[in-house]
Amino acid sequence: MQKKTNKIRTLAGMVILSTVMTLLAASGILNRADLAVSDAFYQSRSASDGEIVLVGIDQKALDAIGPYSQWGRDIIAMTLEALNASEECRPAVIAVDVLYSGETQAGADEWLAEAAGQYGNVVTACAAEFGSTLKEDAEGEYHLDTFSVTAFDEPYDALKQATAQGHINAMLDTDGILRHHLLGLRLPDGTGVPSFAWTVAERYKEACGREPVKLPPVDARGFWYVPFCGVPGDFDESISVADLLSGEITAEYFAGKIVLIGPYAAGLQDSYLTAADHAAPMYGVEYQANVIQALLREDYKQEAGDGIQLFILFLVLLAGMAGFWKRRVRISTALWILLCGGSLLADRCLYAGGLVLRVLWIPVGVTLLYVGGIAWNYVWAALEKRRVTEVFKHHVAPEIVHEILKHGMDEVESGGKTTHIAVLFVDVRGFTTMSEKLRPEEVVKILNRYLTLISECILRHQGTLDKFVGDAAMAFWGAPLAQEDYVMKAVRAAADMVSGSRVLSEELLEKYGQTVSFGIGVHVGDAVVGNIGCTKLRMDYTAIGDTVNTAARLEANAPGGKIYISRAVADALGDRIRTTSLGGSVRLKGKQEGFEVLVMEEII
């Protein structure tokens, strides 16, 4: 019962600790670190398909043309004309990642609109501002919308009519890293606006005669996870607006491709830290190139919901805790490697299949359990060693204590266990008469000599010394750990007691003129063995039952210097001992007639 209660308590503790650790993960304590590790783990470089070419408003262009603040819209108009110069090999799509809202110079505005609309292959940018507004739902109740479009900038009317548009909003995550893309947004009047990258990808597929873009899975706000194919600079071919205007690169180079035109200089303040690289900023036009490439490949990833991941984390932590509980360091380490390595391998495989999981939750949780488990197992082992030593140091030989420490204390828990054992009782015959003739201190000294002899014989043959009762003692074999040939060990201990008592008796006879001897009884059978008693006051490791009572009755009837054994002992040892049967001539209290008693003469 106690063992079952302990198991229930242990399981309850594991469940509680797993729940606490799962709730800590749910609290977001690991979020920032997990995002950083996930980016490094998942995002990997791959060669682009060669469909996208960047034309940068870079430092070379700024040096050749002048500061960007002084650029007129005619510069971009001339760039578009240069790209579309060849009738046979113009780009499939030209995307300008610059917002041209409002009219400036009439001539330049008209020129840009005309150049952009001449071949119908230009996409321009628009942008929204987000904030919080009160919105009325279908039931007439108002609620706060924290992701509402509060302002919207789009190209001036002539340019808008001549081109397709898409929003260029780049929304950073809470840690300041750009890893998601807003596929589309909805204006207050209900008009839907696709993203710049989506519009470009759609126009490109249409120009190539391919199927429309299959859209990625998005969250409640319309964001999807971007699998970057390159780090900052991977799309850069060092093509400048200045190169196009000077004629250094002909239009044929861009035939049938997507040409992205946008800021590509640090001073233009259009760069972000992205999931592809937390150290080097990526220009906005490169970010658009990565998103367009993912849309064209339809290489989509969906982030798994936290609910199912937390449930899996709880199960893994519970399994890990059960695995680490009272295990050797070697086994715990192997399990730790298996769980952490298996988790990372599963993350990688599922990512390849399109599912993004949190990388750190399981490894961090399992590692904490692993370290804590080792520490706890060390403390538990020290306490267990102390407990075992306290229970058995006066009962069994040191090597038995070592074995118990090796195998654990399961065999000695409160309540006991039915075990087949050999039981020995020994009593000092003639001690009462001697004690009447000698001084008390001499009596105690002699008694201690005999009890020391008894203890040494029991422990020498790996027995468990149960108790001393006055000048008698009880011992048993076969518990707390199973033993080979435990019946023979018991009779050998008995034989050593008899031979040892003869030597001691001669010494006492010479010194005190008095002598004593041992009467011994040995029986074998089932008994209840364990820590028995009152848990609050006193517990003793002992054996109880009919087998114990029978051994005591055999000893009570054995004359001095004789070893009485039962037929069960004789049958267990066979021809390894020589015995003399007394048949049923010795009546044991509590035993029916016919119980055979034998005198063990010698061990062969």
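Me: How many aromatic pairs does the count come to here?
Reply: The count comes to 13 aromatic pairs. Rings of Phe, Tyr and Trp (its six-membered ring) pair if their centres lie within 6.5 Å; planes under 30 degrees apart are stacked, over 60 edge-to-face, and the rest tilted. This is a predicted model: local features need pLDDT of at least 70, side-chain atom pairs count only at pLDDT 80 or more, and totals for chains, interfaces and linings use all residues. Residues are numbered from 1 along each chain as its sequence is written, and side-chain values use heavy atoms, with hydrogens and water left out.

Me: What do Tyr68 and Trp71 form?
Reply: Tyr68 and Trp71 form a tilted aromatic pair. The centres are 5.4 Å apart, with 55° between the planes.

Me: Is Trp71 buried or exposed?
Reply: Trp71 counts as buried, at 13% relative accessibility. Buried means under 20% relative accessible area, exposed over 50%, partly exposed in between (1.4 Å probe, protein chains only). Tyr68 is partly exposed, with a relative accessible area of 26%.

Me: And Trp224 with Tyr300, what are the numbers?
Reply: Trp224 and Tyr300 pair edge-to-face, 5.6 Å centre to centre and 80° between the planes.

Me: Why does that pair tie together parts that are apart in sequence?
Reply: Trp224 lies in strand β9 (residues 223–225) and Tyr300 in the loop between α9 (284–297) and β13 (302–303), so the pair ties together parts 76 residues apart in sequence. Helices (H or I, at least four residues) and strands (E, at least two) are DSSP runs, numbered from the N terminus.

Me: Buried or exposed, those two?
Reply: Trp224 is buried, with a relative accessible area of 1%. Tyr300 counts as buried too, at 12%.

Me: Which residues do ring pairs link into a cluster?
Reply: Phe41, Tyr42, Tyr225 and Tyr351.

Me: Surface now. Which residues gather in a patch of negative charge?
Reply: Glu81, Glu103, Glu110, Glu114 and Asp157. Patch residues have over 30% relative accessible area and no salt bridge; like charges are joined within 9 Å, nonpolar side chains (Val, Leu, Ile, Met, Phe, Trp, Tyr) within 5 Å. A salt bridge is a side-chain nitrogen of Lys or Arg within 4 Å of a carboxyl oxygen of Asp or Glu.

Me: Where does Glu110 lie?
Reply: Glu110 lies in helix α5 (residues 106–117). Glu110 is exposed, with a relative accessible area of 56%.

Me: Which residues form a nonpolar patch?
Reply: Ile16, Leu17, Val20, Leu24 and Ile29, with about 470 Å² of accessible area together. Areas come from the Shrake-Rupley method with a 1.4 Å probe; for residues, only the protein chains shown count as cover. Val20 is in helix α1 (residues 2–26) and counts as partly exposed, at 41%.

Me: What about Leu23, buried or exposed?
Reply: Leu23 counts as exposed, at 56% relative accessibility. Leu23 lies in helix α1. Leu23 and Ile454 are 431 residues apart in sequence and 60 Å apart in space, C-alpha to C-alpha.

Me: Backbone next. Which peptide bond is cis?
Reply: The bond from Ala479 to Pro480 is cis, with omega near 10°. Pro480 sits in the loop between β17 (472–477) and α16 (486–512).

Me: What is the phi of Ser238?
Reply: Positive, about 55°, although Ser238 is not a glycine. Ser238 lies in the loop between β9 and α8 (241–246) and counts as exposed, at 56%.

Me: And Gln462, what phi?
Reply: Gln462 has a positive phi of about 60° and is not a glycine either. Gln462 is in the loop between α15 (440–460) and β16 (464–469).

How values were computed. Lys and Arg count as positive and Asp and Glu as negative; His and the chain ends are not counted. The place of a charge is taken as NZ of Lys, CZ of Arg, CG of Asp or CD of Glu.
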